[in-house]
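Look at the sequence and the structure below before reading on.

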Amino acid sequence: MREHFYQDIEFAHHGQRVLVACNMVTSLDGKVTADGNQPASLGSAFDRRTMGVIRSHFDAVLAGGNTIRLHPYYLGVPSALESVRTEKGLASQPLTVLLTRSGNLDPASPLFEKAPRTPIIITSTAGAKNLPQPIQEQARVEIMDNPDPQSIIALLQETYQVRRLLVEGGPSVNYQFMQAKLLDELFLTLHPSLIGKRTDLGLSAGDKVLEQAKDIKLLTVHQQEDEIFLRYRITW
Ligand SMILES: NC(=O)c1ccc[n+]([C@@H]2O[C@H](COP(=O)([O-])OP(=O)(O)OC[C@H]3O[C@@H](n4cnc5c(N)ncnc54)[C@H](OP(=O)(O)O)[C@@H]3O)[C@@H](O)[C@H]2O)c1
């Protein structure tokens with residue numbers, strides 16, 4: 001695979017703390033969805049490749065139920081990046097971690113049928129009962145009623161030895177990590193499109209205005225054709 005500007009990036013040392021980053025693509029008018037439930041990604045083919053390169057640095061990649069129902073694929077890296085990961089001492093594929101209260105997931109999706117590692121599902125007691133039987137066999141189910149980001153991270157660290165976690169949305173999941181002041185980095189792609197629809201979502205979606213971080217530092221800016229790739233470090 002050709003060199004990518006995110007291939008050899010370094011991360012700040014976090015001691016015992018899990019490093020948490022988020023990767024999202026927005027339109028120029030700040031939307032991460034286009035007409036609500038449209039499953040296609042907003043970004044270009046290069047942005048999708050970039051997603052894989054960013055994932056290659058992380059032990060686990062997490063997404064919420066709505067995102068996974070629309071994009072029911074394992075949150076992994078292309079096979080060309082597996083050796084890059086193992087050379088760094090990581091497992092060949094990151095762990096996929098799904099958050100769902102309802103347990104409303106489709107066992108026939110490629111996410112479960114073609115998973116290179118057993119996905120982790122964090123769900124409520126009711127959600128676990130609602131999970132279709134094949135998923136109970138294809139995934140590892142962790143029951144947590146009303147989990148907050150802190151307890152999700154603690155579980156992933158203690159049980160799955162996760163040291164770096166990548167959050168890939170959607171906006172309501174991103175919001176929870178920002179509100180808990182646990183987001184350390186943001187990878188943001190600006191895609192040259194305008195969506196315009198009032199009901200489409202922005203990068204984070206919650207009930208209250210977020211408390212501002214102490215500092216948000218722009219680490220790098222890259223351009224590829226008309227897309228811009230930003231990397232920020234957040235200090236709370
Ligand atoms: N442009 C981008 O980069 C990008 C990236 C990702 C997603 N998206 C878009 O974002 C949209 C979805 O975003 P969204 O905000 O509606 O939904 P979301 O964040 O993907 O998922 C929300 C769902 O996650 C589960 N969940 C959230 N917090 C939880 C918690 N603490 N414990 C247990 N489960 C929890 C619940 O699942 P259940 O409903 O199953 O209970 C909840 O309904 C989609 O249109 C997707 O395409 C865009």
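Is Thr50 buried or exposed? Thr50 is buried, because 23 other C-beta atoms lie within 10 Å. A residue is called buried if 20 or more other C-beta atoms lie within 10 Å of its own, exposed if 12 or fewer, and partly exposed in between, with C-beta atoms placed from the backbone. The model is predicted: local features need pLDDT of at least 70, side-chain atom pairs count only at pLDDT 80 or more, and totals for chains, interfaces and linings use all residues. Residues are numbered from 1 along each chain as its sequence is written.

**Thr50 and helix 1**

- Thr50 is found in helix 1; helices (H or I, at least four residues) and strands (E, at least two) are DSSP runs, numbered from the N terminus.
- Not counting residues up to four places away in sequence, Thr50 touches His4, Tyr6, Thr189 and Phe229; contact means that two C-beta atoms, placed from the backbone, lie within 7 Å.
- Tyr6 is 44 residues from Thr50 along the chain, and their C-alpha atoms are separated by 7.6 Å.
- Helix 1 covers residues 45–55, and its buried residues are Thr50, Met51, Val53, Ile54 and Arg55.
- These buried residues pack against strand 1 (19–27), strand 2 (60–64), strand 6 (164–167), strand 7 (185–191) and strand 9 (227–235).

- Nine strands form an open sheet with mixed pairing, in the order 5-4-3-2-6-1-7-9-8; two strands pair if DSSP finds at least two bridges between them.
- The edge strands, each pairing on one side only, are strand 5 (140–143) and strand 8 (215–224).
- Neighbouring strands of this sheet are turned by 20° against each other on average, direction ignored; the axes are lines fitted to C-alpha atoms, for helices over the stretch in contact, and angles run from 0 to 180 degrees between N-to-C directions.
- Strand 1 runs parallel to strand 7, with seven bridges joining them, and Thr26 stands opposite Leu190 in strand 7.
- Strand 1 also runs parallel to strand 6, joined by four bridges, and Ala21 has Leu166 in strand 6 as its bridge partner.
- Strand 2 pairs with strand 6 in the parallel sense over three bridges, with Leu62 opposite Val167.

**The nonpolar core**

- The largest nonpolar core has 49 residues, and those with the most contacts inside it are Val20, Ala60, Leu62, Val97, Leu165 and Val167.
- Such a core is a set of buried Ala, Val, Leu, Ile, Met, Phe, Trp, Tyr and Cys residues joined through C-beta atoms within 7 Å.
- Strand 1 gives the largest share of this core, six residues.
- Leaving aside neighbours within four places in sequence, the contacts of Val20 are Ile153, Leu165, Val167, Phe177, Leu182, Leu183 and Asp184.

**Helix 8**

- Seven of the nine residues of helix 8 are buried, so helix 8 is largely enclosed by the rest of the structure.
- Among what covers these buried residues are strand 1, strand 2, strand 3, helix 7 (149–160) and strand 6.
- Lys181 follows helix 8 and has a positive phi, near 60°.

**Around the ligand**

- The ligand is surrounded by 25 residues, of which the closest are Gly64, Gly65, Asn66, Gly169 and Gly170; a residue counts as near if its C-beta atom, placed from the backbone, lies within 6 Å.
- Strand 1, helix 2 (65–70), strand 3 (95–100) and helix 8 (171–179) each supply at least two residues of this shell.
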